[in-house]
Amino acid sequence: MTTQLPPGIQLEKVDDRIMTLNVGPQHPGSGHMRLIIKVDGDYIVSCDPDPGYVHRGEEKMAEYRNYIQNIPHLERPVIHDSSNILYPYCLATEELLGIEVPERAKYIRVIAAELNRCIYTLYWLAIYGIFLGHSTMFMWPAGDRELFIDLLEAMSGARVTHAYLVPGGVRNDLPANFEERCLRQVDYFEKRIKEYQAIFYKNPLLISRTEGTGVLSRTDAIRLGTTGSVLRASGVNFDIRKKEPYDVYENLDFETVVMKEGDSYARSYVPYLEMFESCRIIRDAIRKMPKSGSVRTKLKPNPKGGNDEVYKRVESGRGALGYYIVSNNRPEPYRVKISVGSFRNLICMPYLLKGELLGNMPAVYWSLNYWPVEADR
Amino acid sequence: MHVTSGKNQADEGCIAMSSENEKDGQPSETAVASSEDDKSISKDETKSHEEKSTALSSDTPVSQRPVPQFEKSISDKIASKFGSKVSVDYVRANRIRVSTKKEDISDVAYFIRDELGYDHAESVSGVDYPDSKEIEVVYHLGSYTDEKLATQVLTLATRVPREEIPNPGKDSSRMTSLREVFYSVEFHERECFEMFGVYFEGHPDNRRLLLPEDWADIPPFRKDFKIKGR
């Protein structure tokens with residue numbers, strides 16, 4: 001791998017001791033990607049992630065559609081966190097087009113985003129559980145997700161691809177009696193996820209496989225530009241909801257979860273603890289939300305953003321999620337760049353897996369809270 | 001299916017907006033924005049040819065927006081260090097944009113990291129401008145360590161030449177990699193290389209990342225690569 005080689009060509013030194021393993025893309029443990037892993041005995045000597053199997057060119061597609069038509073396809077990279085991936089798009093478009101969002105809509109958006117964050121986290125936790133051989137931890141979160149999926153279905157009409165957040169507010173108002181139902185579900189949800197402690201997080205098998213594996217130090221977490229739960233598990237107190245609050249997050253009562261260990265256990269524990277904070281946010285938002293009022297500012301037909309650019313970011317289930325939109329006085333954006341947490345956390349994969357036991361690969365890999373489809377966009 | 005529903009949405013918005021908009025103070029904003037536009041014509045000829053139908057406050061040229069104190073202190077530091085080598089703009093709240101020539105980008109990046117305290121890159125985007133035969137490479141930089149900079153995202157932009165018939169890695173679309181300065185740009189620059197054909201000199205691993213190995217077309221995010229049927 002010298003710099004003299006023409007780009008695209010790699011020469012590989014063959015060593016009899018080293019075996020190359022292709023983990024994925026068909027292997028279920030790798031997600032929709034391939035990990036080219038070289039092992040010496042049981043130890044990983046190098047790991048080269050090869051994403052791109054689900055690259056759909058969302059950014060290119062966005063250049064062909066106007067600001068409204070872009071809504072449904074931009075949520076496709078993470079359909080189970082669709083409110084959070086649309087959130088920065090809405091914020092950016094609003095800033096570009098100069099739209100004011102009604103107060104009630106801001107609260108509804110926060111509720112939708114937090115419900116969706118929990119849905120995403122449980123989905124991820126289910127996968128994490130099954131790849132560590134803990135099938136109860138697959139069944140329980142997969143079942144408990146339904147509580148919030150039902151709520152979002154009542155809000156938006158769709159179970160997974162909500163397309164609920166739109167530039168200017170939300171698509172429609174909350175259904176009747178939503179507040180009571182939501183509070184009831186949140187209470188039950190909280191009761192349920194407390195039980196995960198005993199069955200999963202205090203399980204000696206889990207602890208033995210995740211504690212001390214794939215340690216990412218605070219300095220490296222910053223240097224590698226990681227984000228989200230990976231960053232916070234390494235002791236960096238950075239949550240965009242707190243640091244650069246958008247919509248009404250500054251009025252709401254919650255805390256950032258930070259752990260210092262930086263190992264797989266901490267990385268898997270932080271998103272779990274954040275679900276309790278999400279429940280807190282939802283309760284607080286329902287209390288402080290205006291009880292009536294408009295929920296959507298209608299856009300002009302074919303709205304055009306001036307000769308301008310905007311970069312907006314939010315905290316998604318996987319970390320910072322930013323949209324960089326360049327417009328040039330046309331109804332379609334000139335360029336849309338989606339900066340996603342999964343892609344930013346991908347860089348620490350080769351770093352963390354080096355020197356690790358092959359058997360610990362899933363424990364480290366899935367603790368990164370990584371979603372391959374989002375990383376590829 | 002979703003595309004159709006999106007279209008209906010736009011139509012629906014169209015009926016509602018046309019009457020709504022006249023009422024609430026929009027016309028006065030129109031007047032302000034267009035008068036400001038007139039001032040900028042002498043500076044930027046191309047702007048006058050573009051339609052001004054949008055007439056929103058975001059139309060105000062970047063250079064005329066008032067700069068808050070904190071952002072000004074940052075932009076002044078960069079401007080006083082590099083002078084005419086850089087142009088520093090305040091785009092909007094918490095967003096500063098530094099544009100520089102590609103020869104100077106490494107120096108500017110070192111200064112931003114060491115003196116200003118930005119420590120990681122959030123994204124690296126390419127923006128293709130076929131009319132001016134340039135590709136803009138935009139770095140979005142943030143800071144985890146400096147509490148004061150937590151809200152800030154600094155945009156560092158440079159332009160590289162764009163060739164009509166691209167030959168990625170071998171043509172003049174190239175610039176110095178910032179991987180030495182910001183380690184976190186490694187995969188972002190790889191993506192930019194395959195999607196726009198901008199070669200990053202000094203990058204240790206200039207391979208394709210997302211595209212298939214046998215991709216034989218031009219870099220797909222360039223404007224001359226068209227999606228079928230659109």
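**View 1. Helices α6(A) and α11(A) pack with axes that come within 10 Å and cross at roughly 165°.** This is a predicted model: local features need pLDDT of at least 70, side-chain atom pairs count only at pLDDT 80 or more, and totals for chains, interfaces and linings use all residues. Residues are numbered from 1 along each chain as its sequence is written, with chains lettered from A and ligands numbered from 1 in the order in which they are written. Axes are lines fitted to C-alpha atoms, for helices over the stretch in contact, and angles run from 0 to 180 degrees between N-to-C directions. Helices (H or I, at least four residues) and strands (E, at least two) are DSSP runs, numbered from the N terminus. The crossing angle makes α6(A) roughly antiparallel to α11(A); that label applies over 145 degrees, while under 35 counts as roughly parallel, 65 to 115 as roughly perpendicular and the rest as oblique. The crossing is left-handed, meaning that the near helix is turned anticlockwise from the far one by less than a right angle; clockwise would be right-handed. Contact residues of α6(A) include A:Leu183, A:Val186, A:Phe189 and A:Ile193. Their partners on α11(A) include A:Tyr272, A:Met275, A:Phe276 and A:Ile282. Two residues are in contact if their C-beta atoms, placed from the backbone, lie within 7 Å. By class, this contact has 14 nonpolar, no polar and 3 charged residues. Ala, Val, Leu, Ile, Met, Phe, Trp, Tyr, Cys and Pro count as nonpolar, Asp, Glu, Lys and Arg as charged, and the others, Gly among them, as polar.

**View 2. Helix α4 (residues 103–131) of chain A meets helix α11 (residues 264–288) of chain A.** The two axes come within 9 Å and cross at roughly 155°. α4(A) and α11(A) are therefore roughly antiparallel. α4(A) passes α11(A) in a left-handed crossing. From α4(A), the contact includes A:Tyr107, A:Ile111, A:Trp124 and A:Tyr128. From α11(A), it includes A:Pro271, A:Tyr272, A:Ile281 and A:Lys288. The residues of this contact divide into 15 nonpolar, 3 polar and 3 charged.

**View 3. A:Asn177 and A:Asp247 have positive phi although neither is a glycine.** For A:Asn177 phi is about 60°. A:Asn177 lies in the loop between β5 (169–170) and α6 (178–201) of chain A. With 9 C-beta neighbours inside 10 Å, A:Asn177 counts as exposed. For A:Asp247 phi is about 45°. A:Asp247 lies in the loop between α10 (240–243) and α11 of chain A. A:Asp247 has 22 C-beta neighbours inside 10 Å, so A:Asp247 counts as buried. A residue is buried if 20 or more other C-beta atoms lie within 10 Å of its own, exposed if 12 or fewer, and partly exposed in between; C-beta atoms are placed from the backbone.

**View 4. A:Pro72 is found in helix α2 (residues 70–74) of chain A.** A:Pro72 counts as buried, with 21 C-beta neighbours inside 10 Å. A:Pro72 and A:Ser82 are 10 residues apart in sequence. Their C-alpha atoms are 9.4 Å apart in space.

**View 5. Chain A has 15 helices and 8 strands.** Its C-alpha trace spans about 70 × 55 × 35 Å along the principal axes. Of the 377 residues of chain A, 58% count as buried.
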